[in-house]
Amino acid sequence: MDKIASPKKTKEIISEYQFKFSKSLGQNFLIDENILEKIVIGSQVTKGDYVIEVGPGIGSLTQYIAEKAKSVLAIEIDKSLIPILDRTLAGYSNVKVINEDVLKLDLHKIMAEEFKEPDAKIKVIANLPYYVTTPIVMKFLEEKLPIDSMTIMIQQEVAKRMEAMPSTKDYGALSIAVQYYSNPRIIAKVPPSVFIPQPKVDSIVIRLDILDKPRVKVEDEKLFFAIVKDAFSKRRKTLLNALSTGNLKLEKELLKEVFEKIDINPQRRGETLAIEEFALIANEIFNKK
Ligand code: SAM
């Protein structure tokens, strides 16, 4: 089938299948060919790459990816979109659609089954449903799936948090989590007018290049992320107060010893700390426990 990403064609398909947009599934479909090009070019996908697309919708982005990639595995939660995808992707023999909730899938297993070539690169490309952006991104990162990069359309506000640096208003636990596993790079800013229906917020296409190994060496990842969480959950408190009254309830005496040993002022606020400093704190506490 011809390309479907135009306001006219998208509306035709939607009316032919009497498709009803679901707000709760974050359904905002792309209708602008320039943006679709930008996403695919920004992803640096090549003919040798396997791609996972989360939420193909009616297949507008899938068509563009299929032309550039070796194959595409598209995971769509909404059953009513499957007959539409059967039609819009009929001409693309390298696309497989599965009707599943990506958050419930055993992706390690599926990727091993679908992508058999051991050296092939696997990329994630998606216009993500905004209501579950963070859980989806964190699933791919935390499960340490064998992916090369994630090129995703997300809300501008979330993208800014992902790439934020210390001592800025957007810096927080999400910045640390994303930067622990990847190098985030903003590719394009996108206005609401390129979607049907239009979202209320501006969007951003961002690429997360997955690092070969995490940015910092951490003895105990659970402890590291728990410390980060406590440090940011009480943003206005000093590190000493935030970490002694947070979920971990670390003893003040222990914390004072730790801060002295690694030469970090306990009166600083968590939001001023670089990821390397969080790693120093976590590793020192790990060694003392
Ligand atoms: N890729 C299409 C496009 O760009 O036009 C649609 C993008 S739309 C923002 C998000 C898509 O993700 C919808 O098709 C929605 O049904 C699907 N979706 C929402 N939650 C999902 C989940 N948990 N697992 C898989 N797909 C999901």
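Q: What makes a contact a salt bridge in this predicted model?
A: A salt bridge is a side-chain nitrogen of Lys or Arg within 4 Å of a carboxyl oxygen of Asp or Glu. The model is predicted, and it holds 19 salt bridges.

Q: Why is the contact between E16 and R87 called a salt bridge?
A: The closest N and O atoms of E16 and R87 are 3.0 Å apart. The cut-off is 4 Å, so the pair qualifies. E16 belongs to helix α1 (residues 7–16) and R87 to helix α4 (residues 82–88), so this contact ties together parts that are 71 residues apart in sequence.

Q: Why is R87 called partly exposed?
A: Its relative accessible area is 32%. Buried means under 20% and exposed over 50%, so R87 falls in between.

Q: How do you know that K261 and E284 form a salt bridge?
A: Their closest N and O atoms are 3.3 Å apart, and the limit is 4 Å, so the pair counts. K261 sits in helix α11 and E284 in helix α12 (residues 275–288), so the contact ties together parts that are 23 residues apart in sequence.

Q: Are K261 and E284 buried or exposed?
A: K261 has 58% relative accessibility, over the 50% mark, so K261 counts as exposed. E284 comes to 11%, under the 20% mark, so E284 counts as buried.

Q: What makes R268 and E277 a salt bridge?
A: Their side chains meet at 3.0 Å, N to O, and the cut-off is 4 Å, so this pair qualifies too. R268 has a relative accessible area of 24%, between 20% and 50%, so R268 is partly exposed.

Q: Why is the patch formed by E251, E253, E257, E260 and D263 called negative?
A: Its members are Glu and Asp residues. Asp and Glu count as negative, so the patch is called negative.

Q: How do you know that E251 is exposed?
A: E251 has a relative accessible area of 59%. Exposed means over 50%, so E251 is exposed. This residue lies in the loop between α10 (239–245) and α11 (252–262).

Next, the strands.

Q: Why is strand β3 described as largely enclosed?
A: In β3 (residues 71–76), 6 of the 6 residues are buried, so the strand is largely enclosed by the rest of the structure. Both faces are covered, with S71, L73 and I75 buried on one side and V72, A74 and E76 buried on the other. In a regular strand the side chains alternate between the two faces of the sheet.

Q: How do you know that β2 and β3 pair?
A: Strand β2 (residues 50–54) is joined to β3 by 5 bridges, and the two run parallel. Pairing takes at least two bridges, so β2 and β3 pair. Y50 has S71 as its bridge partner in β3.

Q: What makes β9 a partner of both β6 and β7?
A: Strand β6 (residues 149–155) is joined to β9 by 7 bridges, and strand β7 (residues 182–190) pairs with β9 over 8 bridges. At least two are needed, so both count as pairs. Both pairings are antiparallel. D209 of β9 stands opposite S149 and also opposite N183.

Q: Why is β9 called mostly covered?
A: In strand β9 (residues 203–210), 6 of its 8 residues are buried.

Notes: Residues are numbered from 1 along each chain as its sequence is written. This is a predicted model: local features need pLDDT of at least 70, side-chain atom pairs count only at pLDDT 80 or more; totals for chains, interfaces and linings use all residues. Side-chain values use heavy atoms; hydrogens and water are left out. Patches are made of residues with over 30% relative accessible area and no salt bridge: like charges are joined within 9 Å, nonpolar side chains (Val, Leu, Ile, Met, Phe, Trp, Tyr) within 5 Å. Accessible areas come from the Shrake-Rupley method with a 1.4 Å probe; for residues, only the protein chains shown count as cover. The place of a charge is taken as NZ of Lys, CZ of Arg, CG of Asp or CD of Glu. Helices (H or I, at least four residues) and strands (E, at least two) are DSSP runs, numbered from the N terminus. Buried means under 20% relative accessible area, exposed over 50%, partly exposed in between (1.4 Å probe, protein chains only).
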